[in-house]
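Morning, everyone. Please bring up the structure on your screens, and I'll walk you through a few places in it.

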Amino acid sequence: MPSPRGTTHSLKKPEERGTRLQDNLLAWYAAHARDLPWRRTRDPYRTLVAEVMLQQTGVGRVLPKYEQFLQRFPTLEALASAPVAEVIRTWAPLGYNRRAVYLSRAAIAVIEKHGGAIPQEPELLRRLPGIGPYTASAIACFAFGQDEPVVDTNIRRVLVRLLLGARDPRTVSAREVTGLARQVLPRGRAAEWSQALMDIGAGLCARDRPSCSLCPARPRCAAAPSFLKQPPAPRRVAESRPYYGSPRYFRGRIVEALRSREAVQGLTMAALGPHIKEGYAVEDEPWLLDLLKGLARDGLVRLAAERVVLP
DNA sequence: AAAGCGGGGAC
DNA sequence: GTCCCAGCTTT
């Protein structure tokens, strides 16, 4: 599966071999890679499912859901032909339920516009619902083996520290980070490389407490000297609004209520309300209706004949 | 550029 | 209780 070694260092003298950043990190990865189920396949459909699940959802929470979802929807065709309601049900409890809707729509779009074959080019992948810059390049690279730079928050942080030093990764533009990523990408080994950077970002190059002394990139890292003296300043928290009681919270409650067995035929607002809010009363109906309209816009519920139901 | 979108687990 | 996490879409 892994391609032959790149030739980028073939002109270097023998004694310099193994001293390149890429060689160090790829060797470290060969010994320390996390054994994750989506790394055991290059099937584009399985890769697509994994990458969408991993959007803003930690590895530990995707792990138990991944195989279960694939068992329920083993192929792209199975996913495309399933009712969206089933996809939304199976999606729980990953959160960001719109992803389930997008994933369903993406499967349908692949059938209708690409003859059932997930496209290889990032520009084409990017046009599928729910697939942005990260997911498009991840599929192109991990499933199709393209030398495509992949940039997620982990890789962004690692590359910025490695190449630009101890500064806030968020202050670097996406364009610049992608440029850096492309610049250091080892030809022919891009998938291993990006996954190595992800593992380093997740396990060693932590946001607040980087373990520079354990890091294979330390000798080449622009930020390590600084961090070894003093860890990075903890990120200042943006004033976060309370989650409980927020529209987001109630949206989640609504979708969760509709997932239940009793709600397969849908629920009236009067029946739904008490499931959502303590002490729900008729005067709360406009409030609930607003939430439902938002969910309907997102394709997460359908409003029909006095009833609310998963689409 | 900024807001909105979930929810389980770590602390 | 607060904060985090392999982003994307819409305004």
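Start with two helices, α3 and α5. Helix α3 covers residues 59-72, and helix α5 covers residues 84-91. This is a predicted model, so everything I quote is computed from it. The axes of α3 and α5 lie 10 Å apart. The angle between them is about 160 degrees. Anything over 145 degrees counts as roughly antiparallel, and α3 and α5 are therefore roughly antiparallel to each other. Their crossing is right-handed.

Who makes the contact? From α3, look for K65, F69 and R72. From α5, look for E86, V87, T90 and W91. By class, the contact of α3 with α5 has three nonpolar residues, one polar and three charged.

Now a second pair, α9 and α11. Helix α11 runs over residues 190-203. The axes of α9 and α11 come within 8 Å of each other. How do they cross? At roughly 85 degrees. That angle makes α9 roughly perpendicular to α11. On the α9 side, the contact uses N154, I155, R157, V158 and L159. These meet S194, L197, M198, I200, G201 and A202 of α11. Sorted by class, the residues of this contact are seven nonpolar, three polar and one charged.

How many cavities of 30 Å³ or more does the structure hold? Three. The largest cavity has a volume of about 120 Å³. It is lined by 16 residues. Closest to its centre are R161, C205, C212, C215 and C221. Two helices, α9 (153-164) and α12 (224-229), each supply at least two lining residues. The most comes from α9, with three residues. As for class, 13 residues of this lining are nonpolar, one is polar and two are charged.

Next, the largest pocket. About 730 Å³ of space lies in it. It has 25 lining residues. Which of them are closest to its centre? They are G95, Y96, N97, Y243 and R248. The elements that give two or more residues to this lining are α6 (98-114) and α13 (247-259). Helix α13 gives the largest share, six residues.

Two backbone details before I stop. First, some background. Most peptide bonds are trans, and most residues other than glycine have a negative phi. Now find P93, in the loop between α5 and α6. Is the peptide bond from A92 to P93 cis or trans? It is cis, with omega near 0 degrees.

The other detail is Q56. Look in the loop between α2 (44-53) and α3. Q56 is not a glycine, yet its phi is positive, at about 65 degrees.

We saw α3 and α5, roughly antiparallel. We saw α9 and α11, roughly perpendicular. We passed the largest cavity, with α9 as the top contributor to its lining. We passed the largest pocket, where α13 gives the largest share of the lining. And we ended on the cis bond from A92 to P93 and the positive phi of Q56. Thanks, and over to you for discussion.

Key. Residues numbered from 1 in each chain as written. Chains lettered and ligands numbered in written order. Predicted model: local features only at pLDDT ≥ 70, side-chain atom pairs only at ≥ 80, totals over all residues. Heavy atoms only, no water. 1 Å grid on protein atoms, 1.4 Å probe; cavity = no way out; pocket = protein on both sides within 12 Å on 5 of 7 lines; lining within 4 Å. Points joined across faces, edges and corners; volume = space filled by probe spheres on them. Helix = DSSP H or I, 4+ residues; strand = E, 2+ residues; numbered from the N terminus. Axes fitted to C-alpha atoms, helices over the stretch in contact; angles between N-to-C directions. Parallel < 35°, antiparallel > 145°, perpendicular 65-115°, else oblique. Left-handed = near helix turned anticlockwise from the far one by under 90°. Contact = heavy atoms within 4.5 Å. Nonpolar A, V, L, I, M, F, W, Y, C, P; charged D, E, K, R; others polar.
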